[in-house]
Amino acid sequence: MSYLLPTYKRQPISFVKGQGSYLFTADNTAYLDALTGIAVCGLGHCHPRINQAIAEQVSTLVHTSNLFGIDWQEKAGEKLCQRAGMDKVFFANSGAEANEAGLKMARLFAHQRGQQKARVIVMDNAFHGRTLLTVSATANPTARAGFFTLDDDFVRVPFGDIVAIEHALNEFDDICAIMLEPIQGESGVRTADNGFEFLTQVRQICDKHDLLMILDEVQTGNGRTGKYFAYQHSQIKPDILTTAKGLGNGFPVGACMTLGRANDIFSYGSHGSTYGGTPLACRIVSEVIDVIHDENLLDNVIKTHDILKNYLLDNLAKDNVNVRGAGMMLGVVLPTDRSIDFTSLVDKARDNHRLIINVAGGNAIRLLPPLNLTVSETQEIGERLVKLIKGALD
């Protein structure tokens, strides 16, 4: 009997240790981790500098609350905003909380300019979190089912379709913001047909109609795509930028950042969090940012991306397998006209090839390996994955 609520469909395995790109079971069997806790452990497991920062801070100060100044919060905020090209930051505990803050900000923005209602344009196939407001913005019907979601507060359009956005703006006169992920992770690592140019188009629409542009970089941020934030593949900047996952390399922390006119939407009492931005969380954020810089991990992400993508295409293109995404955020898209048992791929990868992956969007193997993956580990992921896919296609 388990005392845990049945909210997760867990795999029949547990890990007791992690080291770098590997996870270990109690009998010391090693598994190559190409998922990293769903894009969380970007520096791999038990990075020595992160371990040291945690140990030092735990022995010094863990929590005081935001009733007082927090030096590490100031330091982490400065470093993060500089990397992100943003002005201000609110620290939360998760990606959902960061997105909740961004959406609350959009609603308050609408109120401050006299709107009676505040709608936000969001994308088909989007995933923004599990709180009531963020799950309302999320497209996944399973995540939304039964929760009386706030559907009337959102207008959903196809991802990458700027014409559909324009039509929505013609239909509704109370839209205050557009929210999107630069790359949609949970639905299968989907990119817009015109790539990051779509962000430029959305920015132009927001400027034209006086809307806030909210970018959800919970999964794409913190070096995952080869830029510190994925939007930096374009020339634009959002008004609100959210992130989490790799921000703390396994420690729960999120951030909602603002730029320009969005800086003054929240004021004293507008928002808060008991645990948001603790000395411990922010010490870790600060160290993660430094490690990404000191170890030149953005360059490594670009290098390992090319190695892995080219290997997969060289060996699988004839099987009508495609690879999409950016950096260490790849979707290996399998053909749907073949008799592939997609539900068993994760189990076969784990049990037969000692490889940790997941399947997103129905037919895409999602790869989210560490940013500091070595060349040999990159090649090993490719070899194990090709064997898995070839076996599934036979």
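Trainee: What volume does the second largest pocket have?
Mentor: In this predicted model, the elements that each give two or more residues to the lining of the second largest pocket are α3 (71–84), β4 (88–92) and β10 (254–258). Its lining divides into 13 nonpolar, 14 polar and four charged residues. The volume of this second largest pocket is about 940 Å³.

Trainee: Which residues are the closest to the centre of the second largest pocket?
Mentor: The element that gives the most to the lining of the second largest pocket is α3, with five residues. Of the 31 residues that line the second largest pocket, those closest to its centre are Q73, V89, F90, F91 and H271.

Trainee: What volume does the largest cavity have?
Mentor: The count comes to one cavity of 30 Å³ or more. The lining of the largest cavity includes A39, G42, L43, Q219 and R224, and its residues divide into five nonpolar, five polar and one charged. The volume of the largest cavity is about 60 Å³.

Trainee: Which residue has a side chain joined to that of R366 by a polar contact of 3.1 Å?
Mentor: R366 is found in strand β15, and because its relative accessibility is 2%, R366 counts as buried. Leaving out residues up to four places away in sequence, R366 touches a set of residues that includes G185, E186, V189, Q219 and N358. The polar contact of 3.1 Å joins the side chain of R366 to that of E186.

Trainee: Does V189 count as buried or exposed?
Mentor: V189 lies in the loop between β7 (175–180) and α8 (197–209), and V189 is one of the residues touched by R366. Most residues other than glycine have a negative phi, whereas the phi of V189 is near 55°, a positive value. Because V189 has a relative accessibility of 0%, V189 counts as buried.

Trainee: Does N320 count as buried or exposed?
Mentor: N320 is found in the loop between α10 (297–316) and β11 (322–326), and its phi is near 65°, a positive value in a residue other than glycine. The cut-off for an exposed residue is over 50% relative accessible area. Since the relative accessibility of N320 is 52%, N320 counts as exposed.

Trainee: Why are the buried residues of α11 on the same side of the helix?
Mentor: In helix α11 (residues 345–353), the buried residues are L345, V346, A349, R350 and H353. They lie on the same side of α11 because the arc that they cover around the axis is only 135°.

Trainee: Which elements are among those that cover the buried residues of α11?
Mentor: Just after α11, R354 takes a positive phi of about 50°. β13 (355–356) is one of the elements covering the buried residues of α11. The cover also includes β3 (30–33), β14 (358–360), β15 (364–367) and α12 (375–393).

Trainee: How far apart in space are T64 and R283, C-alpha to C-alpha?
Mentor: T64 is found in the loop between α2 (48–58) and α3, and because its relative accessibility is 25%, T64 counts as partly exposed. Leaving aside neighbours within four places in sequence, T64 is in contact with I70 and P279. T64 and R283 are 219 residues apart in sequence, and their separation in space, C-alpha to C-alpha, is 14 Å.

Key:
Residues are numbered from 1 along each chain as its sequence is written. This is a predicted model: local features need pLDDT of at least 70, side-chain atom pairs count only at pLDDT 80 or more; totals for chains, interfaces and linings use all residues. Side-chain values use heavy atoms; hydrogens and water are left out. Buried means under 20% relative accessible area, exposed over 50%, partly exposed in between (1.4 Å probe, protein chains only). Helices (H or I, at least four residues) and strands (E, at least two) are DSSP runs, numbered from the N terminus. The arc is that of the directions from the helix axis to the C-beta atoms. Contact means heavy atoms within 4.5 Å. On a 1 Å grid over the protein atoms alone, a cavity is a set of points where a 1.4 Å probe fits but cannot get out, and a pocket is an open set with protein on both sides within 12 Å along at least five of seven lines; lining residues have an atom within 4 Å of a point. Grid points are joined across faces, edges and corners, and a volume is the space filled by probe spheres set on the points. Ala, Val, Leu, Ile, Met, Phe, Trp, Tyr, Cys and Pro count as nonpolar, Asp, Glu, Lys and Arg as charged, and the others, Gly among them, as polar. A polar contact is a pair of N or O atoms within 3.5 Å; within protein, one must be able to donate a hydrogen and the other to accept it, and residues adjacent in sequence count only if both atoms are side-chain atoms.
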